[in-house]
Every structure is written in C-alpha cells, then in structure tokens.
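Here is a briefing on a predicted model.

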Amino acid sequence: MPESNYWRKPFDADKVKSPDGTVYVIKDRCKGCGFCVEFCPRGVLVLSTEFNRKGYHPPEVIHPDRCVNCDLCERICPEFAIYCLNQEEIIELAP
Amino acid sequence: MTVTEVKPDTTRKIPEHPKSLLLRMDRMPHIWCSRCGIGITVGCFASAMEKTGLSPDDITVTSGIGCTGRVAGYVKADSFHTTHGRAIPFTVGLALTRPDLKHVVFSGDGDLISIGGNHFIHAARRNQNMLVICVNNFTYAMTGGQLAPTTPVTARATTAPYGSFERPFSLPTLAISAGASYVARWTSLHIRRITDSMTEALQRRGFRFIEIIAPCSTIYARRNKLGTGLDLMKYYYENSVIDHNASVDDLDIGFQSKIVVGKFVDKDRPSYGKSMHEHFRKVLGNKYQPPVSGKMEIDKSWSGCTESQDTTVTDEVQS
Ligand SMILES: Cc1ncc(C[n+]2csc(CCOP(=O)(O)OP(=O)(O)O)c2C)c(N)n1
Ligand code: SF4
Ligand code: SF4
Ligand code: SF4
C-alpha cells in the first residue's frame, strides 16, 4: 500500500471503516494518471490492465472494504473521474 | 404553449459527480493532458465555490488564452473566454458594471503576466475588484513551450534550447509591489490550502491574487527531463516551504529550487469603485450621481432609449 505524507491522513484511518463509502469511477473520463492510486491512504485502488475508450488504464477498486470515504481520490483527480459517496449522497446524486 | 416532457438521462448508470452542479461535466473529458496540474486547481475552485455557499449565478469566471485559459469553459458559472492577455481588462468592465457579483480571472502565467502584464499591474495598483488565479507552469504550454517571463534561469524552452539566462518575475512580488490586497502562493498538491485560500479570497474585495505552481507534464517536464507530471508535482510540494511572513526577496523561484509558499498579504484597502465613489461624493457633493446600479444601467444617451429605466444604487457604491 503506498504510504503518502501528502495529505493529512484521517486520524482514525487505520481503525475506523466507514461503512457507507462507495467509490465510483467514470472510466471513459479517466486519463490513467494514477494520482488516485498513488495518494489513496488506504490502498483501495490499483490501475487496471483494462483500456478505456481513449486507451488509458482507469483505476479499479480492489479493496472496497478498506475505503474510509476520505474523498482524497475525488479531490486529487484532475479529470473528475473518481469520487466517493456516502449513502445520503448516493440517493441525492442518483441517476 | 407546448410543454416538452424532460426525459431522465437513462445512459447514466452511476450517481453524478458531486461537483456536477459547479462544473460542466458534459464537456469532460477536458483538453488537459494526463498528469497536468491544471485540473486539480479547478477541482479546488469548485470546492471553494461550494464552501462559500455562493450560487454559481453570483460568480463570473474569465480566462484568456492558453491551456489554463480553458478553465472558464469548464466552470458552470457565467464564464467568458477572452483574447490573449485580456481577461483582466474584460473583468474590470464586469466588476465596474456588476459590483454585486464575484469576479474571478483564471488563467496562465504567460497570458496574465506576459502579454497581459500591464493589465495585471494596473488592476492591482487600482485595487480593481477581482480574484486573479494564475496557474504558473513556467512556460507557454499551449504553443509548445516557449520561454515565459516566469521560466526559471537555466530551464530549457523551445526558444531557449541552451537554457534561460533571463531573470524571471516572481508573481507574488509583482502583485505585492503593485498593491494587491490579498496575495498567496501554493503548489498544486496543496489541495486543502489552495481551497482555503480561494474560499477566503472569494469573500474579500479588491484585487486578490493566488499563484499556483503546477506541473506541465507534456511540455515543461519532458523538455527539462523532470520525470512525469506526478514526479514534478511531488517535487514542487516537497521543496516548498510555508512562510506567511516571507520577505519579497525570498519569493524568487530558481530552476528546481525551493519554493516559498503561503499567504503573504491579506489587507483591507478601498477598491477602485469605492475610492471613486468616495472621491466624487467629496468633490461634487449632491451633484454626484453614482453611475452604476446593481444591474447594469443602460445609458439612454448611448442607446437612444427614451423609456425611463429603473436604476438603483447598490452596495459597491457604499462598500
Ligand atoms: C495575440 C496572441 N498572441 C499569441 C498567441 C499565441 N498563444 C496562445 S497561448 C499562448 C501562451 C499561453 O501561455 P500561458 O498563459 O502560460 O498558458 P499555459 O498554456 O501555459 O497554461 C500564446 C503565446 C495568441 N493566441 N494570441
Ligand atoms: S475515499 Fe478514495 S482516497 Fe479515500 S480511502 Fe476511499 S478510495 Fe481511498
Ligand atoms: S486520478 Fe482520475 S484520471 Fe487519474 S487515474 Fe485516477 S481516476 Fe483516472
Ligand atoms: S501542455 Fe502542459 S499545461 Fe497544457 S494541458 Fe498539457 S500538461 Fe497541461
């Protein structure tokens, strides 16, 4: 798991698992920069081997249970392609 | 009257991005390269808009030309794409005619400081009411990487193949000496700090300036063999020193040198509009009629309009 000191780690990131954080990836919007993978404090993501429509490798959620809904992936993604929502937000932003 | 039924978008399978009310997600993916620093700063701006609680209807965003010059096109506010270097004078017009709104200029270092440099210093000198956000990537990226007035000494550019030998501008120094009311500098990985600065600066009046040092992965990083945009972004972050009280002599940036960041100025100085109204009230007394209303006033003598127009005097007149 990449450790990063670029962001304040949620103080209880190791202990508390937020039960309702769900990570969404808009694959075709992603440009495979890997920022989200690099900076996720919990190693939730990896770049997949799959190609999107533009030929980039979008991230894949490999450890959904580890996500603490810290929103760092969402704030660091230069493409607005990944975001983490809690239950209320999911209802609010539902398609 | 026919009513068209709005059909739900059935192509979207997952919940919308939380910033979709503030950014034009229908225009994504945007034009910026993979690992470019500009996108992160736009995300910070959207977070700042959210934090101020302002409606996008109360904000204008204006850009000039360049990669960063595309920002305005992705923000769901009243946004304007102007000619090269002219985002500031365009916004001077907006600020004087609509003092009730928040005006933001979002552009690159070449656009704002090179071709637009004169506008920059005079808008700061006059304390024109606007927030200027400058993404500084040390080059003219959109046109292929020419030398900019911000390129550090020894860095290479297409027009400086053996490295630059000119002294670059330090943008906060320029803004401070010209009289800006708010001046801050961060690097693109200082996400929380950028967001806080933007939030704060959006709520101030007068000329406010935020510089964000960001990697240009495709042009500047590659030509100078600085690794990927991710490497460069980390480098800037790791080599930055926060010093809110730094003297202007410390604000110069060398090639891959340390970068002093922080909020250097935050002071209250009457804006251009306020000074103007105060001055004319003093010298003209009751003869002075403030020219600007909350909505842009139509000058009947220019437009040939004879009908009486409602004009109301607003806050900027007072504030
Ligand atoms: C009047 C005029 N002169 C020159 C150009 C060419 N031009 C387009 S973008 C640009 C430089 C942009 O540099 P910067 O503002 O640093 O933006 P970046 O692309 O680095 O984000 C230049 C010189 C132009 N479009 N118009
Ligand atoms: S919200 Fe994103 S960055 Fe935070 S733990 Fe979950 S996947 Fe990682
Ligand atoms: S940060 Fe965004 S663009 Fe970069 S890899 Fe992750 S999802 Fe894709
Ligand atoms: S050329 Fe440079 S500044 Fe322009 S989008 Fe690409 S990485 Fe960003």
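**Ligand shells and chain B at a glance**

The model is predicted: local features need pLDDT of at least 70, side-chain atom pairs count only at pLDDT 80 or more, and totals for chains, interfaces and linings use all residues. Residues are numbered from 1 along each chain as its sequence is written, chains are lettered from A and ligands numbered from 1 in the order in which they are written, and side-chain values use heavy atoms, with hydrogens and water left out.

- A residue is near a molecule or strand if one of its heavy atoms lies within 4 Å of it.
- Ligand 4 is surrounded by residues of chain B, including B:Trp32, B:Cys33, B:Cys36, B:Cys67 and B:Cys216.
- B:Asn137, B:Ala141, B:Ser217, B:Thr218 and B:Ile219 also surround ligand 4.
- The shell around ligand 4 divides into seven nonpolar, three polar and no charged residues.

**Ligand 1**

- Which residues come nearest to ligand 1? Of the 16 around it, they are B:Cys67, B:Thr68, B:Gly110, B:Asp111 and B:Met142.
- By class, the shell around ligand 1 has six nonpolar, eight polar and two charged residues.
- An oxygen atom of ligand 1 lies 3.0 Å from an N or O atom in the side chain of B:Asp109.
- A polar backbone atom of B:Gly110 is 2.9 Å from an oxygen atom of ligand 1.
- From a polar side-chain atom of B:Asn137 to an oxygen atom of ligand 1, the distance is 3.0 Å.
- On its own, ligand 1 has 590 Å² of accessible area, and the protein covers 72% of it.
- Accessible areas come from the Shrake-Rupley method with a 1.4 Å probe; for residues, only the protein chains shown count as cover.
- α3 and β5 (139–140) of chain B are the elements that give two or more residues to the shell around ligand 1.
- α3(B) gives the most, with four residues.
- Helices (H or I, at least four residues) and strands (E, at least two) are DSSP runs, numbered from the N terminus.

- Helix α5(B) spans residues 171–178 and is mostly covered, with six of its eight residues buried.
- Buried means under 20% relative accessible area, exposed over 50%, partly exposed in between (1.4 Å probe, protein chains only).
- The buried residues of α5(B) are B:Leu171, B:Pro172, B:Thr173, B:Leu174, B:Ala175 and B:Ala178.
- Their cover includes α3 (109–115), α4 (117–125), β4 (130–136), β7 (182–187), β8 (207–213) and β10 (259–266) of chain B.
- B:Ser170 sits in the loop between β6 (146–147) and α5 of chain B.
- B:Ser170 is buried, at a relative accessible area of 7%.
- The side chains of B:Ser170 and B:Thr173 make a polar contact at 2.6 Å.
- A polar contact is a pair of N or O atoms within 3.5 Å; within protein, one must be able to donate a hydrogen and the other to accept it, and residues adjacent in sequence count only if both atoms are side-chain atoms.
- Not counting residues up to four places away in sequence, B:Ser170 touches B:Arg185, B:Leu251 and B:Asp252.
- Contact means heavy atoms within 4.5 Å.
- After α5(B) comes B:Gly179, with a positive phi near 110°.

**Chain B as a whole**

- Chain B has eleven helices and ten strands.
- Buried residues make up 52% of its 319 residues.
- Of the contacts in chain B with a separation of 6 or more, 67% join residues 24 or more positions apart.
- Its accessible surface is about 14,800 Å², and 52% of that belongs to carbon and sulfur atoms.
- Chain B divides into domain 1 (25–266) and domain 2 (273–318), with bounds from an automatic or database domain assignment.
- The centres of domain 1 and domain 2 of chain B, taken over C-alpha atoms, are 33 Å apart.

**Backbone geometry**

- Most residues other than glycine have a negative phi, and most peptide bonds are trans.
- B:Phe138 is not a glycine, yet its phi is positive, near 65°.
- B:Phe138 lies in the loop between β4 and β5 of chain B and is buried, with a relative accessible area of 3%.
- A cis peptide bond joins B:Met28 and B:Pro29, with omega about 0°.

Note on methods:
Nonpolar A, V, L, I, M, F, W, Y, C, P; charged D, E, K, R; others polar.
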